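Work through these exercises with the structure open beside you. Try each task before you read its solution.

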Amino acid sequence: MIDVYSWATPNGHKVHIMLEECGLPYAAHAIDIGAGDQFTPQFLKISPNNKIPAIVDPDGPDGEPISLFESGAILIYLAGKTGRLLGNTDREKYEVLQWVMFQMGGLGPMLGQAHHFRIYAPQQIEYAVNRYSNEAKRLYQVMDKQLAQHAYLAGEEYTIADIASFPWTRSHKNQGIDLADYPNVQRWFDAISARPAVQRGVAVLADKRKPLTDEKAKDLLFGSGQYQKR
């Protein structure tokens with residue numbers, strides 16, 4: 001039984017979906033990031049960067065427990081553990097990994113910034129809104145061109161590259177994106193949305209998440225509360 005310490009966010013959903021796709025037994029433990037659970041000593045022990053998700057697998061590569069943080073690293077670990085969703089050859093593996101890195105280094109951070117400055121920033125800063133909204137559009141165009149040539153991001157097979165990216169595109173409207181402008185992304189999005197394991201994965205902990213209206217929660221996530229020495 002893998003213990004998953006997570007929350008119903010795009011990064012959390014990646015790991016929930018992967019576990020469901022692989023059929024691995026797991027227990028999901030809510031880390032309420034609006035309440036500050038990510039700063040507890042217990043969580044920091046397994047996720048020193050105080051970000052969700054993190055996992056503890058009692059049956060690690062050498063038969064000993066292993067804890068991991070960073071959603072991309074967890075996806076790669078679970079793919080290696082199960083021999084699934086990472087391609088069948090070395091070439092396919094690297095093609096998958098480059099699109100995982102595309103998500104980790106670009107798609108997630110930039111869509112997150114677009115979402116933040118459009119929805120959550122206490123002041124609407126035109127420069128920031130335009131910068132990140134335009135970058136979001138550029139990244140969707142990169143995906144659209146790739147998906148015009150292939151069924152999935154890394155080729156013709158569904159992989160962790162898709163699992164990494166899909167949860168971030170679920171909030172496309174808040175990022176200023178109309179999927180009708182990206183027909184290949186729309187086709188891909190609909191196909192992944194229809195997968196039963198994906199539907200189960202995005203439902204994990206979703207009933208615990210509430211609209212972000214509490215000022216203390218906003219401070220912990222976006223303000224000075226996140227920078228306190230712990």
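## Exercise 1: The sheet

An open sheet of 4 strands has mixed pairing and the order 2-1-3-4. The model is a predicted one.

Task: Find which strands stand at the edges of the sheet.

Solution. 
- Step 1. Read the order of the strands, 2-1-3-4.
- Step 2. Strand 2 (26-30) and strand 4 (66-69) each have a single partner strand, so one side of each is left without a neighbour in the sheet. These two strands stand at the edges.

Solution. 
- Step 1. Take one residue. Ser6 has Ala30 in strand 2 as its bridge partner.

## Exercise 2: Aromatic rings

Task: Classify the ring pair of Phe166 and Trp188.

Solution. 
- Step 1. A pair of aromatic rings is described by the distance of the centres and the angle of the planes.
- Step 2. A search of the whole structure finds 6 aromatic pairs. In the pair of Phe166 and Trp188, the ring centres are 6.3 Å apart and the planes stand at 70 degrees, so the pair is edge-to-face. The cut-off for that class is over 60 degrees.
- Step 3. Phe166 is in helix 6 (residues 160-169) and Trp188 is in helix 7 (residues 183-193), 22 residues apart, and the pair links distant parts of the chain.
- Step 4. Both Phe166 and Trp188 are buried.

Task: Now classify the pair of Phe166 and Phe189, and say which parts the pair ties together.

Solution. 
- Step 1. The rings of Phe166 and Phe189 are 5.2 Å apart centre to centre, with 40 degrees between the planes, and this pair is tilted.
- Step 2. Phe166 lies in helix 6 and Phe189 in helix 7, so the pair ties together parts that are 23 residues apart in sequence.
- Step 3. Check the burial. Phe166 has a relative accessible area of 2%, and Phe189 has 12%. Both values are under the 20% cut-off, so both residues are buried.
- Step 4. Phe166, Trp188 and Phe189 form one aromatic cluster.

## Exercise 3: The cover of helix 6

Task: How many residues of helix 6 are buried, and which helices do they pack against?

Solution. 
- Step 1. Helix 6 is mostly covered, with 10 of its 10 residues buried. Among them are Asp162, Phe166 and Trp168.
- Step 2. List the partners. The buried residues of helix 6 pack against helix 1 (10-22), helix 3 (71-82), helix 4 (90-120), helix 5 (126-149), helix 7 and helix 8 (196-203).

## Exercise 4: Backbone exceptions

Task: Where does Pro53 lie, and is its peptide bond with Ile52 cis or trans?

Solution. 
- Step 1. Most residues other than glycine have a negative phi, and most peptide bonds are trans.
- Step 2. The bond from Ile52 to Pro53 is cis, with omega near 0 degrees.
- Step 3. Pro53 lies in the loop between helix 2 (41-46) and strand 3.

Task: Give the phi of Asn50 and its place.

Solution. 
- Step 1. Asn50 is not a glycine, yet has a positive phi of about 50 degrees.
- Step 2. Asn50 lies in the loop between helix 2 and strand 3.

Definitions and conventions
Residues are numbered from 1 along each chain as its sequence is written. This is a predicted model: local features need pLDDT of at least 70, side-chain atom pairs count only at pLDDT 80 or more; totals for chains, interfaces and linings use all residues. Side-chain values use heavy atoms; hydrogens and water are left out. Rings of Phe, Tyr and Trp (its six-membered ring) pair if their centres lie within 6.5 Å; planes under 30 degrees apart count as stacked, over 60 as edge-to-face and the rest as tilted. Buried means under 20% relative accessible area, exposed over 50%, partly exposed in between (1.4 Å probe, protein chains only). Contact means heavy atoms within 4.5 Å. Two strands pair if DSSP finds at least two bridges between them.
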